[in-house]
Amino acid sequence: MHTVTRPIIVFLCLCLVALLLFPLVGGPFYTGLVTKIMILSIFTISLDLLIGFTGLVSFGHAAFFGIGAYLLAILFKDVEHINYWWSLTLTLSLTGLAALVVGWFCIRTSGIYFIMLTLAFAQMFFYFFFESPHYGGDDGIFMFYKPEITLGSRQLVDLDNEHHFYYFVLAWLVGVYLFLSMILRAPFGHVLIAIKANEQRVRALGYSTSHYKLVSFVIAGTIAGLAGFLEAAHTSFITPAYMGWHESGMAIMMVILGGMGTLFGPVIGTFAVVLLQDFLPEFTEHWKLIMGAIIIGVVLFLPSGIAGLIFQISQRFVSRKQNSGREHG
Amino acid sequence: MAEIILRTEHLCKNFGGLKATDDVSLDFERGRVHAILGPNGAGKTTLINLLSGELAPSSGRILFKDYDITDARPEKVARIGIGRSFQKTNILPGFSCLQNCWIGAQTCLPTSMRFIRPARHLREVHRRADYALDLCGLSGQRNRIAGTMSYGEQRQLEIAMMLATEPELLLLDEPLAGMGSEESQHVTALLRDLAREQTLILIEHDMDAVFSLADRITVMVDGAELETGSVEQIRNSKAVQDAYLGHDDEEVA
């Protein structure tokens, strides 16, 4: 596992400051875009818990993103004053329950079978919503109201205000990052990381590895549901496409591109992919070709992703400090 | 006679038509070193895998301190105090020695499903991991990445990981496999240290090591127990010599 050194912490703090200041200069369009990227980042960071730390390559993670979004839309579609606390609690616990059921089946398998099983479950959810006219079918669902965040009678955050929404999502992103860092440093995280390295050995040392994998799956699914909840609240529009295999594949790509097993890497990967998708089409209509070339380049030359590159640079900082006398290149 | 810590009753394991373990009934005494000998394919590793829960027996029973653990899974067997090491080095190569032992040491917690406090603040886990490293002579290497160490050191780490769980009974599957003579002397000395306080079940090909370490020896042939007895008894047994030692008398002496 990578240790987060001081230069990395400084770098992350600088990123955070940049994100904090961005709405002041960004204009409404880009503020909205970055909000969307941060919501997606919460989703990919949760996938990193599975891929990068537990060794479970889930190809159906978007299902939980979609379930979170659909739960908010279905349960609270006609409610005028959606209570944020109540709707969030209900959405997350039901998404967690779904992850528990799906995970209970999936963690019995490993490798390619795990990938196929998660994909199959995600496609089941996809087609269920796609073919349910009652839940909007392939057109999706429009929501007319956003959750209201109140404490007593005071409104804390106004989600109709794009700036408020931006900072609200940023706070969640930081919160999720800190939460996952915490559980990974705790005894639970040590076991997870060891399972990824050598599951048979961890079992022989006395751990029911399947329980640990299942808990990890549920945590990741619940956080994906949170991202879906935020996305539904942000766009007020939910379609089955959210849970398609295409979305799951994109998320895996973002995690790998950013650097799996680092938590902050997937966030960078998400920013990189979405921004490229946004800017490249302005230059050429064959932008997907360039996109593909960039991805191939990163995978070939930066096997541990963009975060791996950052770790290398930070290592240089640390070692330069340690032996400043004989440092050359 | 000392307390029986582990007992197998008519233990059988079939792989298709092959009888890998054939009606093995053995008693293992607490505080002793019990070695299991046998030519390649005699079913020694299968026996260890049955005892550690890695494989489920086809028939027969396994009793640990009079508890029936016949159907227990590996994690359960490890939890109740039977540690094992593997013939093929089975460590976490990307991790430091300390981290390797840490996972074993963390089994001192009732559960590792703890999410809030950083693990490095757990003093008891530290103590156990350090103790295991110290015992295996790896204290100086605690921050080395396991995959970068020599083969012999990796074998020592293999044993240290098991010791970090503080087992009551140690199953060692060829701890000297593939070692040079110097490394093998080193590990033999380590095993002798362990034998003073622990109960060991030892599978080993190295005759010198077995005869110098073991209190009791069981010789297996074709999955079945051929003979069990003291070192002297086995050394002088006609049946054993025919089946296994054969013409290699000078190596034994």
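This is a short tour of a predicted model, moving from one selection to the next.

**Stop 1: where chain A meets chain B**

Start by showing both chains and colouring them separately. The contact draws 20 residues from chain A and 26 residues from chain B. Now select helix 5 (162-185), helix 6 (187-197) and helix 7 (199-204) of chain A, the elements that give two or more residues to the side of chain A that touches chain B. Which of these helices gives the most to that side? Helix 6 of chain A does, with 6 residues. If you colour the side of chain A that touches chain B by residue type, you will find 13 nonpolar, 4 polar and 3 charged residues.

**Stop 2: a helix pair in chain A**

Stay with chain A and select residues 62-76, which are helix 2, and residues 84-106, which are helix 3. Two packed helices are described by the angle between their axes and the distance between the axes. Here the axes of helix 2 and helix 3 of chain A come within 9 Å and cross at roughly 135 degrees. Because of that angle, helix 2 of chain A counts as oblique to helix 3 of chain A. The crossing of helix 2 of chain A past helix 3 of chain A is right-handed.

From helix 2 of chain A, show Phe64(A), Ile67(A), Gly68(A), Leu71(A), Leu72(A), Leu75(A) and Phe76(A). Their counterparts in helix 3 of chain A are Ser87(A), Leu90(A), Thr91(A), Leu94(A), Thr95(A), Ala98(A) and Ala99(A). How many residues of this contact are charged? The contact of helix 2 with helix 3 of chain A has no charged residues; it divides into 10 nonpolar and 4 polar.

An α-helix has 3.6 residues a turn, so residues three or four places apart point the same way. Keep that in mind as you look down each helix.

**Stop 3: the six-stranded sheet of chain B**

Look for an open sheet of 6 strands with the order 6-7-8-3-9-10 and mixed pairing. Strand 6 (82-85) and strand 10 (224-230) of chain B stand at the edges with a single partner strand each, so one side of each has no neighbour in the sheet. On average, neighbouring strands of this sheet are turned by 15 degrees against each other, direction ignored.

Now select strand 3 of chain B, residues 33-37. Strand 3 of chain B is largely enclosed by the rest of the structure, because 5 of its 5 residues are buried. Show its side chains: Val33(B), Ala35(B) and Leu37(B) point one way, while His34(B) and Ile36(B) point the other way.

Strand 3 of chain B runs parallel to strand 9 (residues 216-221) of chain B, joined by 4 bridges. It also pairs in the parallel sense with strand 8 of chain B, again over 4 bridges. Centre the view on Ala35(B): opposite are Ile217(B) in strand 9 of chain B and Leu202(B) in strand 8 of chain B. Move to His34(B), and its bridge partner in strand 9 of chain B is Arg216(B).

Strand 6 of chain B runs parallel to strand 7 of chain B, with 4 bridges between them; Gly83(B) has Leu170(B) as its bridge partner in strand 7 of chain B.

**Stop 4**

Still in chain B, find the open sheet of 4 strands with the order 2-1-4-5 and antiparallel pairing. Its edge strands are strand 2 (18-29) and strand 5 (67-68) of chain B. Strand 1 (residues 4-15) and strand 4 (residues 59-64) of chain B pair over 5 bridges, and Arg7(B) has Leu63(B) in strand 4 of chain B as its bridge partner.

Finish with helix 1 of chain B, residues 44-51. Helix 1 of chain B lies across strand 1, strand 2 and strand 4 of chain B, at about 65 degrees to strand 2 of chain B. It also lies across strands of the other sheet, including strand 7 of chain B, to which it runs at about 150 degrees. Is helix 1 of chain B mostly covered or exposed? It is mostly covered, with 7 of its 8 residues buried, among them Leu47(B), Ile48(B) and Leu51(B). Just after helix 1 of chain B, pick Gly53(B), which takes a positive phi of about 85 degrees.

Note on methods: Residues numbered from 1 in each chain as written. Chains lettered and ligands numbered in written order. Predicted model: local features only at pLDDT ≥ 70, side-chain atom pairs only at ≥ 80, totals over all residues. Contact = placed C-beta atoms within 7 Å. Nonpolar A, V, L, I, M, F, W, Y, C, P; charged D, E, K, R; others polar. Axes fitted to C-alpha atoms, helices over the stretch in contact; angles between N-to-C directions. Parallel < 35°, antiparallel > 145°, perpendicular 65-115°, else oblique. Left-handed = near helix turned anticlockwise from the far one by under 90°. Pairing = 2+ DSSP bridges. Buried ≥ 20, exposed ≤ 12 C-beta atoms within 10 Å, placed from the backbone.
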